[in-house]
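Let's take a friendly walk through this model, from its chains down to single residues. Keep the 3D view open as you read.

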Amino acid sequence: MASLTIQHATKSFGGLEVLHGVDIQIADGEFVVLVGPSGCGKSTLLRLIAGLEDITQGEILIGDREVSHLHPKDRDIAMVFQSYALYPHMTVEENMGFSLRMRDVNLSERKDKVRASAEILGLTNLLGRYPRQLSGGQRQRVAMGRAIVRDPKVFLFDEPLSNLDAKLRVQMRSEIRELHKKLGTTIVYVTHDQIEAMTMADTIVVMRDGYVEQIGSPLDLYDRPANIFVGSFIGSPAMNMLEGRIGGDRQSFVSNRGTQIAFGAPVSPEADRKVILGIRPEDIGVSETGTPAMVRQVEPTGADLHVNLDLDGDGFTALFHERLPLEEGQNMGLKVLADQAHFFDPDSGKRIE
Amino acid sequence: MSVASIQRKRRRETYLVFIALCAFTFVNLMPLIWAVLTSLKDPKDAFTIPPTIIFEPTLKYHWEVWFENDFVRYLKNSLIISAGTVCISIPAGSLAAYALSRIPRRNAGPILSALFTIRMFPHMLLAIPFFVMGTFLDLIDSYLLLILALVAINQPFTIWLMHGFFLEIPRDLDEAAAIDGCSSWQAFRIVILPLARPGMTVAALFSLLLSYNEFLFALVLTGTNTKTLPVAIASFGGEDITAWSLSAAGAIGIMLPIVLVMLALQRHLVRGLTAGAVKG
């Protein structure tokens, strides 16, 4: 186990810079998820940590040891690949014990360690099989087994669940979480799925276009997104955004299309300030005297009700936990409480406190 | 259309395809059949028109080829040269192909194109410089010279073939091996090479066939000590038809070792040739 420090990590491919001086401090035993849309640089950052790409500038430290330019084998890390990358010509046991074999661990110790890891992951009965004889979930577990058997300082996961079906993904999510609790090893986990990030991480790092947008706990990011991007990226369905200005009494908001939303209490931005209002779909309530909206579409998921609304031409999504008797084309009133509204600066995109 | 009539139609189509394939196979095997029959006939029977179907077979010419003509020595030369070529060509070609499959495509492309260009040269054009170099280094009529020349002309094909196989092995495996503690060489040797075995078998067989059957380079670069089978057979021919039965017996003799190798490795050959055809 060890902490992980990334200082001003920059990566260029030819003349194209894809990571622009990333700084992240990861504590010993922390579960950190790097999340962001495709092409944001999260996998590149993971590969820099693993040593699979050369860092252009900056430093990576595992514990107190600088590893920026070391070969992957000398970094004492383990990685689970999106494709699992199991060796097809080796059995599960050989796959799991391979890293120990390369480190000249003797056969009996190797067998003991593989068996111990296999037990943790429920793979004991599969040790003699080849990867092609395993299901997707089992392969995933073998890939994790290969990582934990060596007791490395840091685990790296590169979108490990993206090849699994939805049900298995939920199961593996909690298994990885359990594993982390059991082993306590520092984990850096890359995903583009914000639900995965929210449910698994101690700390989430949101990335975009090679920059870190925000670092924080899942609820921190959800409750206080640092900017419009984080606000709309974290949370599903996505946060509603409306451009407009704060009313003169600081208790309301008027959108550019003229929709008025009353908060019932003063909000933080000054009166008449141009803002972008962000409202999470689940923070919208129903009030007969509230902002009028027309129901465009009702999507029941069983547990919730997703409602697409029209606010004077602006699209808006609401999520209700009750099964409201709503019909398409119906008019309804909406309410938003002051402490549930998020405000962002329209020019910088940053959160207004 | 009823199920029975569809089945009938399918069966009829299968029969037609079978007959067409039999005819195709017969046409292809015709020279071989002719050679086998000629090698078992006296020259006067071999050249009668229409050909004699019923004749008294003789193994005289096979005996003569194998035991009165130094055929065994030529076979030994051919086998040494072929094995030598395969032993150099496959390791060197695999290393080159692996490297080319792992460097960026924009860098590998020109090298692969250049190799392809070498393949386009008429062999006669390359044989002469090899002869000059061989003379200069005093290597004419040595195994080494012919082996090196055959490796050189064989290498583009081996590299192209192996390159395709290595491209199909995911790069994640190299990376997983690196993280598991392998150096680049260990990753290649322990993880990648075993997976490329079907491809290597195919490349080795093609390399073996090419060097075993090669005539032009063998004719130019060998002498009495290192003469190979194809060169020896050519010397049986000529306008004297009595030598044709001998030539045919020699041709069958040449074929036998290679047919045995092919039969032994058939399983690998088919697997290697079809590898990657189906994703799975």
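Two residues are in contact if their C-beta atoms, placed from the backbone, lie within 7 Å. This is a predicted model, in which local features need pLDDT of at least 70 and side-chain atom pairs count only at pLDDT 80 or more, while totals for chains, interfaces and linings use all residues. Residues are numbered from 1 along each chain as its sequence is written, and chains are lettered from A and ligands numbered from 1 in the order in which they are written.

## Where the chains meet

By that rule, 18 residues of chain A are in contact with 13 residues of chain B. On the chain A side, the elements that give two or more residues are strand 6 (77–80) and helix 2 (92–102). Helices (H or I, at least four residues) and strands (E, at least two) are DSSP runs, numbered from the N terminus.

The chain A side of this contact divides into 12 nonpolar, four polar and two charged residues. Here Ala, Val, Leu, Ile, Met, Phe, Trp, Tyr, Cys and Pro count as nonpolar, Asp, Glu, Lys and Arg as charged, and the others, Gly among them, as polar.

## Helix 2 of chain A

Now for a look at burial. A residue is buried if 20 or more other C-beta atoms lie within 10 Å of its own, exposed if 12 or fewer, and partly exposed in between, with C-beta atoms placed from the backbone. Eight of the 11 residues of helix 2 of chain A are buried, so this helix is largely enclosed by the rest of the structure.

Among the buried residues of helix 2 are Val92(A), Met96(A), Phe98(A) and Leu100(A), along with Glu93(A) and Asn95(A). The buried residues of this helix pack against helix 3 (107–121) and helix 4 (136–148) of chain A. Just after helix 2, Asp104(A) takes a positive phi of about 60°.

## The domains of chain A

Chain A is divided into domain 1 (4–233) and domain 2 (241–344); such bounds come from an automatic or database domain assignment. The C-alpha centres of these two domains of chain A lie 39 Å apart. Five residues of domain 1 of chain A are in contact with five residues of domain 2 of chain A. On the domain 1 side, the residues divide into two nonpolar, three polar and no charged.

## Strand 11 and its partners

In chain A, strand 11 (residues 240–246) runs antiparallel to strand 14 (residues 274–279), and six bridges join them. Two strands pair if DSSP finds at least two bridges between them. Met241(A) has Gly278(A) in strand 14 as its bridge partner.

Strand 11 of chain A is also joined by three bridges to strand 12 (residues 252–255) of chain A, again antiparallel. Across this pairing, Ile246(A) stands opposite Phe253(A) in strand 12. Strands 11 and 12 of chain A form a hairpin with five residues between them, and Arg250(A) in the turn has a positive phi of about 60°.

## Chain B, all helix

What is the secondary structure of chain B? The count comes to 13 helices and zero strands. The radius of gyration of chain B is 24 Å, well over the 19 Å that the globule rule gives for 280 residues, so chain B is more spread out than a compact globule. That radius is taken over C-alpha atoms, and the globule rule is 2.2 Å times the number of residues to the power 0.38. Along its principal axes, the C-alpha trace of chain B spans about 80 × 70 × 30 Å.

Chain B is divided into domain 1 (3–40) and domain 2 (69–274), with C-alpha centres 33 Å apart. The contact takes four residues from domain 1 of chain B and six residues from domain 2 of chain B.

## The nonpolar cores

A nonpolar core is a set of buried Ala, Val, Leu, Ile, Met, Phe, Trp, Tyr and Cys residues joined through C-beta atoms within 7 Å. The largest has 122 residues, and Val32(A), Leu34(A), Leu156(A) and Val188(A) have the most contacts inside it. Helix 10 (residues 197–213) of chain B gives the most to this core, with seven residues. A second, separate core of 29 residues includes Leu150(B), Leu229(B), Ala232(B) and Ala248(B).

## Thr186(A)

Thr186(A) has its place in strand 8 (residues 186–191) of chain A. With 25 C-beta neighbours inside 10 Å, Thr186(A) counts as buried. Thr186(A) and Met1(A) are 185 residues apart in sequence and 6.1 Å apart in space, C-alpha to C-alpha.
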